[in-house]
Structures are given as structure tokens and as C-alpha cells.
Amino acid sequence: MVPDISLGGRTYGLLAYLYGPGRRDEHLDPHQVAAWRPELTPDPGRDPAATLKQLQERLDLPVQAVPEHRRPARHVWHCPVRADADDRHLSDAEWAEVARRVVHATGIAEEGDEHACRWIAVRHADDHIHIVATLKRQDGRAPRRHDDYNRAQAACRQIEKDFDLRRLNPGDGTAAKRPTSAERAKAERAGRTATARELLRDHVRQAVAGAADEAEFFRRLTDAGVRVDRRLAPSGDVLGYKVALPGDRNRDGTPIWFPGSRLAPDLSLPKIRQRLGHPEGADEPHSETRPHQRAAPARARREAASIVERTTTAYNGGDEAEAAAQLSGLGEVLDALAHTSPASTRQQVTEAARAFERATRWHTRAERAEGRAVRDAARGIIQAGNALGRGEDGGATAMLLSTLVLATIAAARWHTARRHHQQAAAARQAADQLRAAYRTAATAPLRAMRAQGRRLPEHVRNRHLGAVEAALPGRTGTLRREYGWDALVATLDQAERAGHDPETLLQQAVAWRELNTADRVTDVLVWRLRRLGQLPADAPQRPAAPRSPAQQPWQEQTHVAGPTHNPAPPEHRHRR
């Protein structure tokens with residue numbers, strides 16, 4: 001059950017919407033289920049003689065009774081309360097009890113207070129109600145509604161328990177502000193799938209992902225087409241910033257600005273400066289003082305996959321400050337990947353990045369120095385530019401996505417062990433989106449590898465079967481039933497042709513970290529083997545040239561995602 005509090009200044013306009021047909025005729029049988037004094041409250045939904053004007057005047061009376069200079073500019077308190085889609089439909093009496101608990105918990109109308117604010121609860125759908133109150137008590141004082149949002153959340157958690165509804169995870173005060181109902185309605189009218197607040201949050205996160213300094217951060221925002229307004233001190237120093245979408249204006253034609261801190265707690269300028277590595281007020285470094293070698297998209301993704309897989313062992317070590325830095329950096333990799341993904345996976349990776357940002361915040365300050373390597377990986381992805389959805393780029397993207405699935409699952413387990421409920425749920429949601437993106441990205445390269453593996457002679461396939469049995473005793477039967485088995489055999493054969501000992505390389509891949517959380521173990525091993533063995537992320541288009549009898553396997557040249565390659569070391573020589 002989710003409450004959503006907002007303030008406004010037009011009582012009649014809100015009532016007209018609640019009792020009207022809705023924007024798509026979705027409002028059915030609008031009527032009151034509760035009110036401050038039901039016997040004195042007109043209900044246009046049930047009484048044909050009652051009017052919206054009469055109801056508005058009754059609600060606004062305490063506000064109009066005080067001198068004009070004491071009236072709040074936004075005197076209408078609006079709180080929709082929505083049940084989960086899987087919950088049973090509550091009766092009017094049950095929704096009335098929900099409304100009374102919420103207004104009591106938030107200080108709008110505490111139980112037994114005869115001078116409390118005037119309020120009503122309107123129901124026009126099965127799954128939610130709207131509570132409307134005016135912010136002057138009947139004795140002329142303002143209500144004590146400090147921290148009303150968190151108090152409403154706490155009341156809803158108890159209601160879920162008492163009414164046997166789906167229980168949402170309790171918050172810890174570090175979540176980003178949710179879009180309001182008005183913001184969501186405006187996005188629908190504009191034909192957008194996300195609100196301005198959510199789109200700007202995406203833009204800011206992608207701009208800060210791997211940025212070398214503050215100047216680069218602001219430059220990326222401007223390049224993305226976002227309007228940026230920096231707040232300057234008399235000395236010219238930047239004190240803060242706010243952003244707006246082009247064309248997003250209010251009734252007066254003024255741009256609708258969002259300060260970074262209103263997008264998310266960690267997107268204020270001081271927090272961004274901490275992430276970039278220099279404290280507030282310090283001299284700002286210049287981008288050119290921290291050069292980053294530009295690499296091809298495939299190479300940047302391969303390097304990021306190696307770094308991401310190492311971070312999972314770092315944040316499982318128990319140090320929360322180090323874990324905070326690593327998880328924050330992992331969020332930056334997701335933001336960078338969302339910014340540069342091909343169209344086939346961009347939406348899913350963007351949704352994963354949006355979800356995972358909640359997993360990067362809790363009440364622990366990150367040790368930023370610990371996350372520098374993963375931040376550099378995000379920077380490499382951004383610097384390399386957009387990837388293609390095919391060939392080596394496509395295979396390397398699948399490689400990174402496979403690693404990110406395991407990393408986000410590990411993050412969910414880490415948060416669960418520390419009872420960070422919302423963060424754990426966010427990490428699991430991100431993992432689900434990344435799985436979907438991985439399946440899309442991996443389809444073409446795995447199909448080519450499977451075809452290559454099935455064409456191998458039977459004696460070669462049996463030899464690689466033995467290598468798998470030696471590395472994973474007793475699991476070969478299960479692995480052979482997985483979709484990626486033939487791709488794994490093809491990868492082992494390609495590693496052998498490149499001069500590696502397949503069994504030794506496979507044992508390294510198995511030992512790298514646990515495989516129990518993998519959905520398809522063969523897929524994970526394919527990408528680990530290709531990364532460890534510096535094999536191409538996409539199956540070659542034609543068979544490798546036959547080896548010269550005089551040439552040692554480990555001296556052969558192999559295809560590598562990058563401009564140069566060092567031969568495989570002697571310890572990976574093929575046993576002949």
C-alpha cells in the first residue's frame with residue numbers, strides 16, 4: 001500500500017477531478033468513504049442536491065476564516081493511497097479505516113481532536129482512495145505534520161499487516177523522491193513513458209558516470225540536451241545546480257527546474273564532488289589532467305566485465321564503506337552501459353540502472369578511493385561510445401551483461417544479509433531487467449557458437465567433455481542439457497586452438513567465483529573463458545588456419561578485442 005503526498009492551491013479543481021470521469025473515463029462511482037464530520041459533509045457522489053462548490057466551501061472554511069497573510073499559499077493536502085495490484089479489493093468500510101489511520105498518523109486529524117483539519121476520502125476505483133484536507137485547523141492553527149510522508153508510510157506498513165495485504169519493504173529515508181500523481185499524468189499527456197523527474201535523474205546519473213571532474217559532468221549534461229542552471233557565489237564559485245527538460249514548463253511558461261538534491265539524495269553538487277574525488281570548495285581539476293585512453297566499445301566492455309566481477313568479492317568482505325563505494329561504482333557502470341547500449345537492449349538496461357540506483361544508497365558513507373577502478377570502467381565505456389548490437393560489440397555486451405547479472409544478485413544477497421530491504425529488492429529488480437537484456441544480446445553470438453560446437457568431430461567433443469567433468473565433477477549431465485552446452489564446447493575448442501590448455505583454463509574460470517547464483521552455468525563459463533583466454537566475444541566466421549607442425553600452440557597469434565596482443569603464457573600450453 002503506497003501513500004503519495006502532495007500540496008496544491010486549488011480545492012475546487014482537485015474535487016472536480018476526483019468526482020469527474022477521469023482523463024480516460026476510468027473513474028467509476030466516485031463517492032466519499034470517510035470525512036471529518038460525515039453528517040455535515042456534502043457528497044456530490046451520493047446526494048444529487050450536493051454540489052462541488054458546497055463541498056469546496058466547507059473544506060476551505062477554516063482557511064478562509066484566518067487573515068489572508070496567514071493563509072498558506074498551498075493549502076490543499078492531497079494523499080492518494082493505493083493498494084498493490086495483487087491485493088484483494090477492500091470494502092468502503094475498510095478504506096474508511098485506512099483513511100482515518102493515515103490522517104491520524106500524519107497529524108492532519110488525530111483521533112479525538114475536535115479542532116483538527118477538515119478532510120474527506122474519495123473512492124472512484126477499486127484499488128485506491130484520495131484523501132483531501134485543508135491545512136488550517138478549525139482553531140486557526142496549522143497542523144503538526146512534520147515528516148508526514150514517512151509517518152504515512154509507517155501507517156501503511158501496519159495497515160498491510162493488519163489487513164493481510166502484500167507487505168512492502170520498510171524504507172530508511174535514503175530513497176529518491178517518487179514522482180507525484182500530477183507528474184505522472186503530465187508525462188502521459190506528453191506521450192512519455194517516464195516523468196520529467198525520472199528522465200532528468202537518468203540524465204544526471206549518466207553524466208556523472210565515470211566523469212573525470214565537475215566540468216566534464218556539466219558538459220555531458222549540456223551535450224545531452226538538458227537545460228542547466230548553476231547557482232554561483234559572488235566569487236564565481238559554483239554552489240549548486242538545477243536542471244530542466246527542454247519545453248517542460250508550468251502554466252506561466254517558466255521552466256520546471258529540479259535541483260540535484262530533489263532528484264536523489266546523492267545527486268546534490270556536494271555529493272557529486274565527493275564521488276568525483278575532490279572535496280567541496282577544493283580547486284576543481286581539469287579534464288585534461290586525467291586522460292583516459294579511448295578504446296573500442298568491445299574492449300571497454302571486456303575490461304569492465306573483469307573489473308565488475310572483481311568488485312563482487314570486494315563488497316562481500318564485510319567493510320560497509322568499501323562496499324558502498326563498489327556498489328556506487330557498479331551503478332555508474334550500469335548508467336554508462338545504458339547510455340551507450342544498442343537500441344535492442346537500451347530500454348532494459350536503462351530500467352536496470354534506474355532500479356539499481358536505490359541499491360547504492362543507505363546510511364553508510366562510501367570510501368570513494370576504493371571504487372576508483374570500477375568508476376574508471378564506467379568512464380571507459382562512455383569514452384568508447386555507442387556499441388553495435390552485433391559482431392564483437394554484441395558479444396562483448398553479452399559478456400558484460402552476464403557478469404552484471406551475477407554482480408547485482410550478489411548485491412541483493414549482501415543487502416539482504418544486512419536487512420536493507422528496499423536496497424535488496426532494488427538489486428533483484430535490476431537483475432531481472434539485466435537477464436532480459438542479456439537474453440537479447442546473447443542470442444546471436446551464442447547461436448553462432450552453438451552451431452560451431454555441433455560441427456566439431458565427436459572425438460573432439462568427447463575430449464572437451466572430459467575437461468568439463470574434471471573441472472566440475474558430477475555436473476556434466478546437467479550442463480549438457482543447458483542451451484549453452486554446445487557454445488561451451490566450441491569455446492573450449494577455440495581456446496585449445498589459441499594455445500591454451502582447455503582443462504586448466506576451465507578450472508580457472510570455475511574458481512574465479514561461485515556459480516550457484518547463475519541461471520545457466522554454461523553461459524557464465526563461456527564468457528569467463530573468452531575473457532580469461534582473450535578469445536573473441538563472437539564466434540569466428542570461418543575455421544582457423546591449420547597449425548604448422550613446427551609451431552608451438554602457445555606461440556600462435558589469437559584474435560583479441562584490442563590493438564595489440566601478448567601470446568598466451570607457457571603454463572597454458574596444450575598437452576599433446
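Q: Which residue forms a salt bridge with Asp 486, with the closest N and O atoms 3.7 Å apart?
A: Start with the general idea. Side chains of opposite charge can pair when their charged atoms come close. Here the partner is Arg 454, and the closest N and O atoms of the two residues are 3.7 Å apart. Asp 486 belongs to helix α18 (residues 485-497) and Arg 454 to helix α15 (residues 421-454), so the pair ties together parts that are 32 residues apart in sequence. Keep in mind that this is a predicted model.

Q: Is Asp 486 buried or exposed?
A: Asp 486 is buried, with a relative accessible area of 11%. The cut-off for buried is under 20%. Arg 454 has a relative accessible area of 46%, which means partly exposed.

Q: Where does Arg 461 lie, and how far apart in sequence are the parts it ties together with Asp 486?
A: The side chains of Asp 486 and Arg 461 also meet in a salt bridge, at 3.0 Å from N to O. Arg 461 lies in helix α16 (residues 458-471) and Asp 486 in α18, so this pair ties together parts that are 25 residues apart in sequence. Asp 486 and Arg 461 are both buried.

Q: How many salt bridges does a search of the whole structure find?
A: The search finds 43. Take one more pair. Asp 266 and Arg 275 meet through their side chains, 3.3 Å from N to O. Both of these residues are buried.

Q: Now the whole chain. How many helices and strands does it have?
A: The protein chain has 20 helices and 9 strands. Of its 576 residues, 53% are buried. The accessible surface is about 27000 Å², and carbon and sulfur atoms account for 48% of that.

Q: What percentage of the contacts between residues at least 6 apart in sequence join residues at least 24 apart?
A: The figure is 72% for this protein chain.

Q: Next, helix packing. At what angle do α11 and α14 pack?
A: Read the angle, then the distance between axes, then the residues that touch. Helix α11 (residues 320-340) packs with helix α14 (residues 391-417) at about 145°, and their axes are 12 Å apart. Their crossing is left-handed. From α11 come Glu 320, Ala 323, Leu 327, Leu 330, Val 333, Leu 334 and Leu 337. From α14 come Leu 400, Leu 401, Leu 404, Ala 407, Ala 411, Trp 414 and His 415. By class, this contact has 12 nonpolar residues, 1 polar and 1 charged.

Q: Is the crossing of α3 and α4 left-handed or right-handed?
A: That crossing is right-handed. Helix α3 (residues 92-105) and helix α4 (residues 148-162) pack at about 145°, with axes 9 Å apart. Val 98, Arg 101 and Ala 105 of α3 meet Arg 151, Ala 155, Gln 158, Ile 159 and Asp 162 of α4. The classes here are 4 nonpolar, 1 polar and 3 charged.

Q: What about loops? Where does Pro 342 lie, for example?
A: Pro 342 sits in the loop between α11 and α12 (343-356). Pro 342 is buried, at 12% relative accessible area. Leaving out residues up to four places away in sequence, Pro 342 touches Ala 387, Leu 388 and Gly 389. Pro 342 and Asp 393 are 51 residues apart in sequence, yet 9.6 Å apart in space, C-alpha to C-alpha.

Q: Is Asp 213 buried or exposed?
A: Asp 213 is buried, at 0% relative accessibility. Asp 213 lies in the loop between α6 (196-208) and α7 (214-223). Between Asp 213 and Arg 273 there are 60 residues in sequence and 8.0 Å in space, C-alpha to C-alpha.

Q: Last, the backbone. Which value does phi of Asp 29 take?
A: Most residues other than glycine have a negative phi. Phi of Asp 29 is near 50°, a positive value. Asp 29 is in the loop between α1 (11-19) and β3 (31-35). At 43% relative accessibility, Asp 29 is partly exposed. Arg 419 also has a positive phi, near 60°. Arg 419 lies in the loop between α14 and α15. At 62% relative accessibility, Arg 419 is exposed.

Methods
Residues numbered from 1 in each chain as written. Predicted model: local features only at pLDDT ≥ 70, side-chain atom pairs only at ≥ 80, totals over all residues. Heavy atoms only, no water. Helix = DSSP H or I, 4+ residues; strand = E, 2+ residues; numbered from the N terminus. Buried < 20%, exposed > 50% of the residue type's maximum accessible area, 1.4 Å probe, protein only. Contact = heavy atoms within 4.5 Å. Areas by Shrake-Rupley, 256 points an atom, 1.4 Å probe, with all protein chains shown as cover. Axes fitted to C-alpha atoms, helices over the stretch in contact; angles between N-to-C directions. Left-handed = near helix turned anticlockwise from the far one by under 90°. Nonpolar A, V, L, I, M, F, W, Y, C, P; charged D, E, K, R; others polar. Salt bridge = Lys/Arg side-chain N within 4 Å of Asp/Glu carboxyl O.
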